[in-house]
Amino acid sequence: MQRLPIAIIGAGPIGLAAAAHLQERGERPLMLEAGATVGANVRQWGHARMFSPWEFNVDAACRRLLESQGWLMPPAEELPTGAELVARYLQPLAELPAMRKVIRTGTRVTAISRAQRDKLKDAGRWAAPFRLRLQLENGREEQLQARAVIDASGSWQQPNPLGADGIPALGEAQLQGRIAYGLPDVLGAARERYAGKRVAVVGSGHSAINTLLDLLRLRDASPATEIVWALRGDNLQKVYGGGENDQLPARGQLGMRIQAAVAAGALEIAAPFPITRVAEVDKKLQLYSEEKWLRVDEIIVCTGARPDFSLLRELRLDIDPAVESARTLAPMIDPNLHSCGSVPPHGEAELRQPERNFYIIGMKSYGRAPTFLLATGYEQARSITAALCGDWAAARDVQLRLPETGVCVTDYQDDCCAEPALLPLEAIPIALAENPVAAACC
């Protein structure tokens, strides 16, 4: 089984980093990407600007591999868009001969098991190779074997629903074609859909804030555009984040910018407005929250994402029932418990599953928690690949320092978090979050 490859599911930033680390150690990775290109999920929000600069967005092993072929690192302090992350980093990386030969695009993993052993079988389980079922673009099925599997498939394709209960709102499934999820390009490809319309943005995190700010810019050109911000709760101070206390300035500025817009009355606020039902009324969309309702033309849902475990059903997993991450990692990232705006260092030990040599890394490793940054995933990849290659000292030597948010999660009236300074709307540059909700605590 040593001659079998290590399969990596997903050719995004974290999957590519895992492949680079394995290649540095002389190992044989095989990357399986459902999309037509590397970074397929990143391309879907390519119009948006990240709030973390290049220095946090490039993995060390990937950088060494690229620079050995003459690549120049972008300026460390610059904030790339998703499209720039792909064009200036992921695509050049994927085009290197060492990477090109191990990447298979248009290949979706639909199931993983152990060869000739279902989940219930103990005998010889850990000696059996993994068996991965693949669906190709032409609809044909294949399968292959691997000695280990790293799931870096992310959660972008599994957006959380409109409904406030964690399940789709009544009527949501039937009206899904009229509802947008994630980060639509309201200033570009989706401009005509939203210009001059009454648009509700649902969500309280950075994706929602960026969408709202883009809609405000759209309204400058199309004054008939109306903007409604629907939030489940009514603690806007929590939503605004750490402001000038945030160690990623662009992340803090994002909250200050929307705070200024709200203070200026630039958009309508519906809060608290936990949505229970959506219906089509006179060709409009009507959102219901108990006895209250809103009528709009368009709805954009920015409520985060959740992992898809359907392909992992035959593996033995220990998943936290609330966070939906590895159970050991959950208390480190649970937004109900997490404190100080940073995540403790974690790697192979915290991501280990009962199914030996299987790991979930990257955004998917965080389950429903909203605090993931690329730098976190890169350290996960380094630690896990070291373990898979038998270098347990390196696997345990986990070092991760993330920029703090400067926000409190439990009591926003405490002195531990200063209220962000209120700046004029035009004084703060727009910046994008990499995930829907800020880390929070004090």
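Reader: Which residues of α1 meet which residues of α4?

Author: Leu-16, Ala-17, Ala-20, His-21, Gln-23 and Glu-24 in α1 are in contact (heavy atoms within 4.5 Å) with Ala-61, Cys-62, Arg-64 and Leu-65 in α4. By class, 6 nonpolar, 2 polar and 2 charged residues make up this contact of α1 with α4. The model is predicted, so local features need pLDDT of at least 70 and side-chain atom pairs count only at pLDDT 80 or more, whereas totals for chains, interfaces and linings use all residues. Residues are numbered from 1 along each chain as its sequence is written, and side-chain values use heavy atoms, leaving out hydrogens and water.

Reader: Why are α1 and α4 called roughly perpendicular?

Author: Helix α1 (residues 13-24) and helix α4 (residues 60-67) pack at an angle of about 70°, with axes 8 Å apart. Roughly perpendicular covers 65 to 115 degrees, and therefore the term applies to α1 and α4.

Reader: What makes Glu-290 exposed?

Author: Exposed means over 50% relative accessible area, buried under 20%, and partly exposed in between, with a 1.4 Å probe and protein chains only. Glu-290 has 60% relative accessibility and therefore counts as exposed. Glu-290 lies in the loop between β13 (284-289) and β14 (292-296), and its phi, near 55°, is positive although the residue is not glycine.

Reader: Why does Asn-357 count as partly exposed?

Author: Asn-357 is at 31% relative accessibility, and therefore counts as partly exposed. Asn-357 also has a positive phi, near 65°, and sits in the loop between α12 (348-351) and β16 (358-360).

Notes:
Helices (H or I, at least four residues) and strands (E, at least two) are DSSP runs, numbered from the N terminus. Axes are lines fitted to C-alpha atoms, for helices over the stretch in contact, and angles run from 0 to 180 degrees between N-to-C directions. Angles under 35 degrees count as roughly parallel, over 145 as roughly antiparallel, 65 to 115 as roughly perpendicular and the rest as oblique. Ala, Val, Leu, Ile, Met, Phe, Trp, Tyr, Cys and Pro count as nonpolar, Asp, Glu, Lys and Arg as charged, and the others, Gly among them, as polar.
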